Amino acid sequence: MTTSTDNDVVQADARARARGVGGMAFTELWERFSFYGLQSILAFYLLYTLEKGGLGLSPGAAAGIVGAYGGAVYIAQLVGAWLGERVLSPKRLVLIGGIVITLGHLTLAFVPGLPGLSVGLVLIILGTGALKTNVTSIVGFVLEHETDARRDAGFSYFYMAINTGAVLGPLATGFVQEQSSGFHPGFALAAVGMIVALVQYVFSSRNLPERANQVTRPLSRKGARLALAFTGGAVVVIALAVATGLMVAENLSTVATVVALVAAAAYFAAMLASRNVTRDEKRRVGAYIPLFLATGLYFGFLFQKFTAVSILVQQRVDRDLGGWSFPVGWVAMVSPLAGVLAAPLIASLWKKLGDRQPRAGAKFAFGMIQIGLGFVFILIISVLVFQETIPVLLVLLFMVIVGSSENFVGPIGLALATRIAPEAFTAQMVAVNFLTLALGSSLSGLLGQIYAAIPNNTYFAGIGGTAVAIGIVLLVVREPLQRNLYAGLR
């Protein structure tokens, strides 16, 4: 028989979980405010001429830098996940990462030209690597014993906070950039957002479970020496590649794409070959591989808002609305705004359907088909109606279509990775999930370079058709895929 004391304990645990998820969600909101606040104006900073406050780079070089930067941010999270398991606790790494990110934004704000760009972006890459995966792992710790439906709902609300920051950041920095006719005030505002994230995290981290403060597999002295040697070697290789001209702006996205694929292959191979991974766990990992590739392509299509779509906005979009110029930084903001507005409805639907809701494979398929239809829409507009200049309102409608589709992929992928992860590779599985973002970001750079080199209509048709075709394939194979994804799980 359940007593009132038992009910009090259950309710107290539920409140603690809610505070834990809420605290991490608001921390992520402000971190994403700074990240997307920067990214929404970064391509234009690279594309605009010196007279307009930019760096005057070519579209190919700008797309390569933006894509590689986004990819490197997520690749760095592999290192952050490893550090959170072997060197420092996730709770401490989130704080350190936040401080480093803040320094990166301040560098961009106050150091002009290519030196400020290079140092600032590197600091943000390193800091985000330490912070991002470990925040997500902490949310997984908080929701560890919840049902699948509640986990999906919890991660959906967490993802809604991410998208809220992704809306507010570009809204603020885009407005400041447009009003000041300069990019550095926008970069400074992104730094302010990161400072707020740090303050929020210090207060909210008191509600986290003890597991967030633990190093689960401390590194041995021999392992530490090997790690330092590997890090030193990587730094030397990168420095030599830059000094000899092997790594330039135009091929940065290619390098990041290759690194993301190699890293993912290494992680999957390690999990599938490990003696510490059970047969059912290996089935789940194997079934996740096609979803990993499909999700990487999905984010490659979505993140074109920072590359190909930015070039489109600069070259073909009329931003005039009754004498008022729609800020360039706001175009990318519409995508996550659509995701934020749709998220509560979709999360409520999943909770209402419970065990009757579509499983992960079908949800991924819906997202892929929807984003493909978004590119079909912009193709029709470009071919049949506005062959030269496209009104900004139609581009914003396109962003609504593709942005709202993220609710079928992003939060579901986060929840799935923490659910199906082998017990011995929990943090690594979360990092592999973030590699889909790395792959997508770097692919968006490559796609942006292709966009700059071929006719617009050919490009839109290719992207739209590919996305819809992949979505249909996922729907066809969803049943066997689902059986293997949840092998051995109740």
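Trainee: How many cavities of 30 Å³ or more does the count come to?
Mentor: This is a predicted model, where local features need pLDDT of at least 70, side-chain atom pairs count only at pLDDT 80 or more, and totals for chains, interfaces and linings use all residues. A cavity is a set of points on a 1 Å grid over the protein atoms alone where a 1.4 Å probe fits but cannot get out. By this rule, the count of cavities of 30 Å³ or more comes to 5.

Trainee: Which residues of its lining lie nearest the centre of the largest cavity?
Mentor: Lining residues have an atom within 4 Å of a point, and residues are numbered from 1 along each chain as its sequence is written, with side-chain values using heavy atoms and leaving out hydrogens and water. The largest cavity has 23 lining residues. Nearest its centre lie Y36, Y159, F299, E406 and L437.

Trainee: Which helices each supply at least two residues of that lining?
Mentor: Helices here are DSSP runs of H or I with at least four residues, strands are runs of E with at least two, and both are numbered from the N terminus. For the largest cavity, the helices that each give at least two lining residues are α1 (4-47), α5 (148-180), α9 (279-302), α14 (410-420) and α15 (426-453).

Trainee: How many residues in the lining of the largest cavity are charged?
Mentor: Ala, Val, Leu, Ile, Met, Phe, Trp, Tyr, Cys and Pro count as nonpolar, Asp, Glu, Lys and Arg as charged, and the others, Gly among them, as polar. The lining of the largest cavity has 13 nonpolar and 6 polar residues, and its charged residues number 4.

Trainee: Which helix gives the largest share of the lining of the second largest cavity?
Mentor: The second largest cavity holds about 60 Å³ of space, and F35, Y36, Q39, V66, Y74, F303, F306, S441 and S444 line it. By class, that lining has 6 nonpolar, 3 polar and no charged residues. At least two residues each come from α1, α2 (59-86) and α15. The largest share, 3 residues, comes from α1.

Trainee: How far apart are the C-alpha atoms of M429 and T418?
Mentor: M429 lies in helix α15 and is buried, at 0% relative accessible area. Leaving aside neighbours within four places, its contacts are M271, Y288, A417, I420 and A421. T418 is 11 residues away along the chain, and the separation of the C-alpha atoms is 7.1 Å.

Trainee: Is L208 buried or exposed?
Mentor: L208 has its place in the loop between α6 (184-204) and α7 (221-243). Its C-alpha atom is 28 Å from that of G37, 171 residues apart along the chain. With a relative accessible area of 13%, L208 is buried.

Trainee: What is the radius of gyration of the chain?
Mentor: The chain has 17 helices and 4 strands. The globule rule, 2.2 Å times the number of residues to the power 0.38, goes with a radius of gyration taken over C-alpha atoms. For 490 residues that rule gives 23 Å, and the chain comes close to it, so it is as compact as a globular protein of that length, with a radius of gyration of 22 Å.

Trainee: What percentage of the residues in the chain is buried?
Mentor: The C-alpha trace spans about 70 × 50 × 45 Å along its principal axes. Of the 490 residues in the chain, the buried ones make up 54%.

Note on methods:
On a 1 Å grid over the protein atoms alone, a cavity is a set of points where a 1.4 Å probe fits but cannot get out, and a pocket is an open set with protein on both sides within 12 Å along at least five of seven lines; lining residues have an atom within 4 Å of a point. Grid points are joined across faces, edges and corners, and a volume is the space filled by probe spheres set on the points. Buried means under 20% relative accessible area, exposed over 50%, partly exposed in between (1.4 Å probe, protein chains only). Contact means heavy atoms within 4.5 Å.
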